[in-house]
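Please look over the sequence and the three-dimensional structure shown here. The explanation below is meant to be read alongside them.

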Amino acid sequence: EDQIANATQTQDLVAQEKIIIAQNFLGPLKKLPEKLLANIPKEVTLVFWEKTTLSPAKVTKLTKNAKINHFKLSSQLFLFLDNLYPNSKAAFETLPHLDQDGLIWQIQNRFLQLCLSSKGFDSQKASTITKRNIAPWQWDKIKQQAARFDKKNLQAAFSASLKIDQMIKSGKTDLNVKTLIQMMLVKYLKV
């Protein structure tokens with residue numbers, strides 16, 4: 001907070017207008033520094049670039065003193081998840097471009113949905129089990145994807161994704177998440 005206050009209050013010798021970018025500053029704060037935001041000089045543009053979405057309460061407070069823009073970066077995650085099926089090279093090719101934070105959970109969730117679909121569950125029952133809303137169009141995609149799997153192989157892939165998570169969390173492997181996922185894709189999806 002002090003760094004931002006100093007940066008906004010100091011005068012630039014070269015330029016009259018100043019742009020300051022603070023990355024991932026607001027997200028971790030429990031309470032927004034209202035005095036800081038109210039005391040920003042007019043010739044200073046302060047940009048807060050947040051990796052995570054701010055809570056609605058923070059956004060509401062910010063609208064008093066700031067202009068809010070929400071940019072959704074294009075995500076290859078859903079392209080990757082939609083291509084998790086046997087003999088799909090697209091999943092293997094997309095994997096290196098993904099952020100690995102939460103990736104194994106996303107894979108586990110998709111395999112769980114595919115397993116539920118292969119057992120004949122409808123979207124409402126699957127939503128109850130996964131505790132996540134699944135729109136009808138999403139469930140149609142899941143059903144089509146699940147139909148590409150042999151049930152035994154699908155369950156083995158799901159089990160492997162759980163094993164990867166367990167190995168990482170228990171420290172039983174030095175391999176990174178993406179390497180383990182690549183090995184799983186080769187073994188169970190025959191990429």
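Predicted model: local features only at pLDDT ≥ 70, side-chain atom pairs only at ≥ 80, totals over all residues.

Residues are numbered from 1 along each chain as its sequence is written, and side-chain values use heavy atoms, with hydrogens and water left out.

The largest nonpolar core has 33 residues; a nonpolar core is a set of buried Ala, Val, Leu, Ile, Met, Phe, Trp, Tyr and Cys residues joined through side-chain atoms within 4.5 Å. Buried here means under 20% relative accessible area, exposed means over 50%, and partly exposed lies in between, with a 1.4 Å probe and protein chains only. Phe80, Leu84, Ile107, Phe111, Ile181 and Met184 have the most contacts inside this core. Two or more residues of the core come from each of helix H4 (77-82), helix H6 (103-118), helix H8 (136-146), H9 and helix H10 (177-188). H6 gives the most, with seven residues. Helices (H or I, at least four residues) and strands (E, at least two) are DSSP runs, numbered from the N terminus. For Phe80, with neighbours within four places in sequence left aside, the contacts are Ala91, Thr94, Leu95, Leu98, Leu103, Ile107, Ile181 and Leu185, where contact means heavy atoms within 4.5 Å. Another core, of 11 residues, lies apart from the largest one, and includes Phe25, Leu37, Leu54 and Leu62.

The packing of the helices comes next. H6 and H9 pack at an angle of about 155 degrees, and their axes are 9 Å apart. Axes are lines fitted to C-alpha atoms, for helices over the stretch in contact, and angles run from 0 to 180 degrees between N-to-C directions. H6 and H9 are therefore roughly antiparallel to each other; angles under 35 degrees count as roughly parallel, over 145 as roughly antiparallel, 65 to 115 as roughly perpendicular and the rest as oblique. H6 passes H9 in a left-handed crossing, a term that applies if the near helix is turned anticlockwise from the far one by less than a right angle, with right-handed used if clockwise. Among the residues that make this contact are Ile104, Gln108 and Phe111 of H6 and Phe158, Ser161 and Asp165 of H9.

H9 also packs against H10, at an angle of about 160 degrees and with the axes 10 Å apart. These two helices are therefore roughly antiparallel as well, but the crossing of H9 and H10 is right-handed. Residues in this contact include Ala157, Ser161 and Ile164 of H9 and Ile181 and Met184 of H10. A further partner of H6 is H7: the two pack at an angle of about 140 degrees, with their axes 10 Å apart, which makes H6 oblique to H7. H6 passes H7 in a right-handed crossing, and Asn109, Leu112, Gln113 and Leu116 in H6 meet Ala126, Ile129 and Thr130 in H7.

Which side chain does Asp165 join through a polar contact? Asp165 is in helix H9 (residues 151-170) and counts as buried at 16% relative accessibility. A polar contact of 3.5 Å joins its side chain to that of Gln108. Such a contact is a pair of N or O atoms within 3.5 Å; within protein, one must be able to donate a hydrogen and the other to accept it, and residues adjacent in sequence count only if both atoms are side-chain atoms. Gln108, in helix H6, is buried with a relative accessible area of 10%. The Gln108 side chain also reaches the backbone oxygen of Ser161 at 3.1 Å.

Lys18, in strand E1 (residues 18-23), is buried, with a relative accessible area of 14%. Its C-alpha atom is separated by 6.1 Å from that of Thr45, 27 residues apart along the chain.

Two loop residues remain. Most residues other than glycine have a negative phi. Asn87, in the loop between H4 and helix H5 (89-94), has a positive phi near 65 degrees and is exposed, with a relative accessible area of 56%. Lys131, in the loop between helix H7 (123-130) and H8, has a positive phi near 60 degrees and counts as exposed at 75% relative accessibility.
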